[in-house]
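Subject: Structure handover

Hello,

Here is the structure for you to look over. My notes follow below it.

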Amino acid sequence: MNDLHYEEDYDPQEHTWDDWSEEEEEQQVQCLYCKDILPSAKEVLQHMKSAHTFDFQNTRKTLQLDFYQCIRLINYVRYKVQEDASYSCTTFDKNDSFFKDDKYLQPVLENDPLLFAFEDSEEEEEEEEEAIDLNKVEPTTELEKKLLSLLFKAKEDLNNLQGQFEDYKSTVKRTFYDTLTEDTKM
């Protein structure tokens, strides 16, 4: 027979996606250009901007790089630094051949956290720029109060959906990189 049993008090309505999402542990991230290791991708991106005059997010926006081109850029720089520790090129052109070379889709560092986090840091920057503090809004009419209440609810729903999407995206990325790693070992 079935060894499973259910508690009588179990209510599936009490469980949400929030219960399933676990805070991802911040992984230490190595700079692209030096041996410095920092506690997060955001700090590495800031370090590269100040110490190496390389603004990854600005380069990404200026060249209009897609996801795969960003992966290639990160791996290309890591590869070049492995070949020559003094490599310091921080200016790239969209026509650089490595942007089309699938060789640079293969991670140079195994489980490189920067490959998983560069999109997240851009989204955080955009959110910081666009943020409106709804707590400072003072409604003067009943309609404004109702609209503000709806806005708070919509913002909460959006945050939940974004969290779910980020979990999904992270899983897809990891699966993609695991497949790449397995393919190269064969």
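Contacts by sequence separation come first. Among contacts in the protein chain between residues at least 6 apart in sequence, 63% join residues at least 24 apart. Bear in mind that this is a predicted model. Of the chain's 186 residues, 29% count as buried.

The fold in outline: the protein chain has six helices and two strands. Along the sequence they follow the pattern α-β-β-α-α-α-α-α.

One stretch carries an annotation. UniProt, in an unreviewed entry, lists residues 31-52 as "domain: C2H2-type". In the model, the chain over residues 31-52 is 50% helix and 9% strand. The end C-alpha atoms of that stretch are 10 Å apart.

Next, a helix pair. Two packed helices are described by the angle between their axes and the distance between the axes. How do α3 and α4 cross, and at what angle? Helix α3 covers residues 56-63, and helix α4 covers residues 67-83. Their axes come within 11 Å and cross at roughly 135°. Angles over 145 degrees would count as roughly antiparallel, and 65 to 115 as roughly perpendicular. The two helices are therefore oblique to each other. Their crossing is right-handed.

Which residues make the contact? From α3 they are F56, T59 and R60. From α4 they are C70, L73 and I74. By type, the contact residues of this pair divide into four nonpolar, one polar and one charged.

Two backbone points are worth a look. Most residues other than glycine have a negative phi. Q64 has a phi near 55°, a positive value in a residue other than glycine. Where does Q64 lie? It sits in the loop between α3 and α4, the helix pair whose axes cross at roughly 135°. Is Q64 buried or exposed? Q64 has a relative accessible area of 64%. Exposed means over 50%, so Q64 is exposed.

N111 is the other point. Phi of N111 is also near 55°, again positive in a residue that is not glycine. N111 is found in the loop between α4 and α5, with α5 spanning 113-130.

- the contact of α3 with α4, including F56 and L73
- Q64, in the loop between α3 and α4
- N111, in the loop between α4 and α5

Best wishes

Note on methods. Residues are numbered from 1 along each chain as its sequence is written. This is a predicted model: local features need pLDDT of at least 70, side-chain atom pairs count only at pLDDT 80 or more; totals for chains, interfaces and linings use all residues. Side-chain values use heavy atoms; hydrogens and water are left out. Axes are lines fitted to C-alpha atoms, for helices over the stretch in contact, and angles run from 0 to 180 degrees between N-to-C directions. Helices (H or I, at least four residues) and strands (E, at least two) are DSSP runs, numbered from the N terminus. Angles under 35 degrees count as roughly parallel, over 145 as roughly antiparallel, 65 to 115 as roughly perpendicular and the rest as oblique. A crossing is left-handed if the near helix is turned anticlockwise from the far one by less than a right angle, and right-handed if clockwise. Contact means heavy atoms within 4.5 Å. Ala, Val, Leu, Ile, Met, Phe, Trp, Tyr, Cys and Pro count as nonpolar, Asp, Glu, Lys and Arg as charged, and the others, Gly among them, as polar. Buried means under 20% relative accessible area, exposed over 50%, partly exposed in between (1.4 Å probe, protein chains only). UniProt positions are given in the numbering used here, feature names are shortened, and annotations may be inferred rather than shown by experiment.
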